[in-house]
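Dear colleague,

I am passing on the structure we talked about. The findings follow below it.

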Amino acid sequence: MRSYPNGASTSFGYHDLDPASGDATTRLKLLAHANASETLAHIEYAYHVGGLRKSELRQSPGSSDESRTYDYDAMSRLVRSKTSKGVDLEEREYGYLGQMRTSQKVYSGLTRELTEDLEYKYDDALRMREI
């Protein structure tokens with residue numbers, strides 16, 4: 001736990017072992033931020049076998065819970081993330097060429113309305129130059 005001069009504190013919890021290998025890990029499992037009277041934020045993380053983040057759940061008083069899930073392709077590249085908070089939904093899809101991200105599309109709501117459509121551009125040295 002880390003304490004701050006203003007009386008707030010942050011607690012961290014870690015996964016002890018990787019489910020695939022049984023090796024010790026430092027993957028964050030839980031983060032809780034509190035003041036003297038209440039928890040201000042509570043976040044839980046889950047991981048796929050191999051260590052890629054699978055989901056997170058964020059909770060704070062007076063706010064709807066927010067959950068996120070993450071999907072990856074066979075090359076361990078993030079291809080989709082879904083976020084829900086109350087009735088608000090957002091889905092992000094990512095496209096790649098090799099290991100380079102080439103696109104990102106954001107869809108909102110139950111109807112999956114396209115609200116953002118980004119294209120990533122690279123120079124000949126494979127450095128990102130434009131979004």
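The charged end of Arg27 sits over the ring of Tyr47, 5.8 Å from its centre. A charge sits over a ring here if NZ of Lys or CZ of Arg is within 6 Å of the ring centre and within 35 degrees of the ring normal. Arg112 also lies over a ring face, that of Tyr107, at 4.1 Å from the ring centre. Aromatic pairs number zero in a search of the whole structure; rings of Phe, Tyr and Trp (its six-membered ring) would pair with centres within 6.5 Å, as stacked if the planes are under 30 degrees apart, edge-to-face if over 60 and tilted for the rest.

Please note that this is a predicted model: local features need pLDDT of at least 70, side-chain atom pairs count only at pLDDT 80 or more, and totals for chains, interfaces and linings use all residues. Residues are numbered from 1 along each chain as its sequence is written, and side-chain values use heavy atoms, with hydrogens and water left out.

The protein has zero helices and 12 strands; both are DSSP runs numbered from the N terminus, helices being H or I of at least four residues and strands E of at least two. Its radius of gyration is 18 Å, well over the 14 Å that the globule rule gives for 131 residues, so the protein is more spread out than a compact globule. That radius is taken over C-alpha atoms, and the rule is 2.2 Å times the number of residues to the power 0.38. The C-alpha trace spans about 50 × 40 × 30 Å along its principal axes. Of the 131 residues, 23% count as buried, meaning under 20% relative accessible area with a 1.4 Å probe, protein chains only.

An open sheet of 10 strands runs in the order β1-β2-β3-β4-β5-β6-β7-β8-β9-β10, with antiparallel pairing. Its edge strands, β1 (2–3) and β10 (113–119), each pair on one side only. Two strands pair if DSSP finds at least two bridges between them.

Some details of that sheet:

- β6 (residues 66–72) is joined to β7 by seven bridges, and Arg68 has Thr83 in β7 as its bridge partner.
- β7 (residues 78–85) pairs with β8 (residues 88–97) over six bridges. Ser81 is bridged to Arg92 in β8, and Gly86 in this hairpin takes a positive phi near 65°.
- β8 pairs with β9 (residues 100–108) over eight bridges. Glu93 is bridged to Lys105 in β9, and Gly98 in this hairpin takes a positive phi near 65°.

Regards

How values were computed: Buried < 20%, exposed > 50% of the residue type's maximum accessible area, 1.4 Å probe, protein only.
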